[in-house]
Amino acid sequence: MDFFKRYSAIGGGQQQSASETIQRLADRVETSTLLEDKRAAVLGLKGLSREYKKEIGEASLPALLTVLKEDGEDQNLVKAVLETLNNLCTRDALRDVDHTEGQSEDPVADQFAQTIIDDGDNISTFLELLGDTDFYVRFYTVQLLGLLHMYSGEQVQQAVLVSPTGVGRLVDLLTDQRDIIRNEGIQLLIAMTESNADIQKIVAFENAFDHLLAIVGEEGGVRGNIVVQDCLQLLHNLLNYNISNQNFFRETS
């Protein structure tokens, strides 16, 4: 689109023009009645969201979250919103490295992550989106949940626990036939089960033991790759110091 070509390379003295364009796009996301117009505006914001993260988050974050709740039937629109939210919540120093908690700080990304987490309905919306079969919807959603958990794990865990199907949706990721989504799901579950006994118990009773051992077998068992190691780490989280899960594991083996 012309506006993207014009503003994606903006810099220096033209910052005000970029701000005006971002505000205009944010207004279109909020007020457009046609999905085509709303989608075009979100795509424009997504294209600028790395370079102008602060401006786009401040202008459009509430509108983007509303789109997920009100226009979830449009997969292309949802994918663009989720990708934009991932850009807004990704700490800049983590773009080229693994998402490891405590690696760096980014006040802008952290501010937007906190804004999203503060409304528990947003986490519920993301958990609902995990039920979508579209690859990119599911992939961007599990990535976003991982970013939010890295910022404030306890709040995200509590939001997952109050959702009737929250933990079940996360465990369902273990049976996704697309390896990249399955592996992202394993990483998210490792983070969430590290110290939360309630989530540990629910994950175990959602047949996680069967799913994880099946993955270990598929990936070559003891001669397997890093995925096997991750599965064993998740099994360790579920069993270590958790008497209930240990008993359940013995009874169902």
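Trainee: So a crossing is left-handed if the near helix is turned anticlockwise from the far one by less than a right angle, and right-handed if clockwise. Which hand does the crossing of helix 4 and helix 7 have?

Mentor: Left-handed. Bear in mind that this is a predicted model, where local features need pLDDT of at least 70 and side-chain atom pairs count only at pLDDT 80 or more, while totals for chains, interfaces and linings use all residues. Residues are numbered from 1 along each chain as its sequence is written, and side-chain values use heavy atoms, with hydrogens and water left out.

Trainee: At roughly what angle do the axes of those two cross?

Mentor: Roughly 50°, and the axes of helix 4 and helix 7 (residues 120-129) come within 10 Å. The axes are lines fitted to C-alpha atoms, for helices over the stretch in contact, with angles from 0 to 180 degrees between N-to-C directions. Helix 4 is therefore oblique to helix 7; under 35 degrees would be roughly parallel, over 145 roughly antiparallel, 65 to 115 roughly perpendicular, and the rest is oblique.

Trainee: Which residues make the contact?

Mentor: From helix 4, Leu 65, Leu 68 and Lys 69; from helix 7, Asp 121, Asn 122, Thr 125, Phe 126 and Leu 129. By class that's four nonpolar, two polar and two charged residues. Contact means heavy atoms within 4.5 Å. As for the classes, Ala, Val, Leu, Ile, Met, Phe, Trp, Tyr, Cys and Pro are nonpolar, Asp, Glu, Lys and Arg are charged, and the others, Gly among them, are polar.

Trainee: Stepping back, how many helices and strands does the chain have?

Mentor: 15 helices and zero strands. Those are DSSP runs numbered from the N terminus: H or I with at least four residues for helices, E with at least two for strands.

Trainee: And what share of the residues is buried?

Mentor: 48% of the 253. Buried is under 20% relative accessible area, exposed is over 50%, and partly exposed is in between, using a 1.4 Å probe on protein chains only. Also, of the contacts between residues at least 6 apart in sequence, 68% join residues at least 24 apart.

Trainee: New topic: how many salt bridges are there?

Mentor: 15, each a side-chain nitrogen of Lys or Arg within 4 Å of a carboxyl oxygen of Asp or Glu. Take Glu 83 and Lys 46, at 3.4 Å from N to O. Glu 83 sits in helix 5 (residues 75-89) and Lys 46 in helix 3 (residues 35-48), 37 residues apart.

Trainee: What about Asp 92 and Lys 53?

Mentor: Their side chains form a salt bridge too, at 3.0 Å. Asp 92 lies in the loop between helix 5 and helix 6 (107-118), and Lys 53 in helix 4 (residues 53-70), 39 residues away.

Trainee: Is Lys 53 buried or exposed?

Mentor: Buried, at 5%. Asp 92 is partly exposed, at 45%.

Trainee: Where do Arg 182 and Asp 179 sit relative to each other?

Mentor: About one helical turn apart, because three residues separate them in helix 11 (residues 179-193). Arg 182 is buried at 4%, while Asp 179 is partly exposed at 42%.

Trainee: Last one: which residues does Lys 38 touch, leaving aside neighbours within four places?

Mentor: Val 29, Ser 32, Val 67, Asp 71 and Leu 77. Lys 38 belongs to helix 3 and is buried, with 10% relative accessibility.
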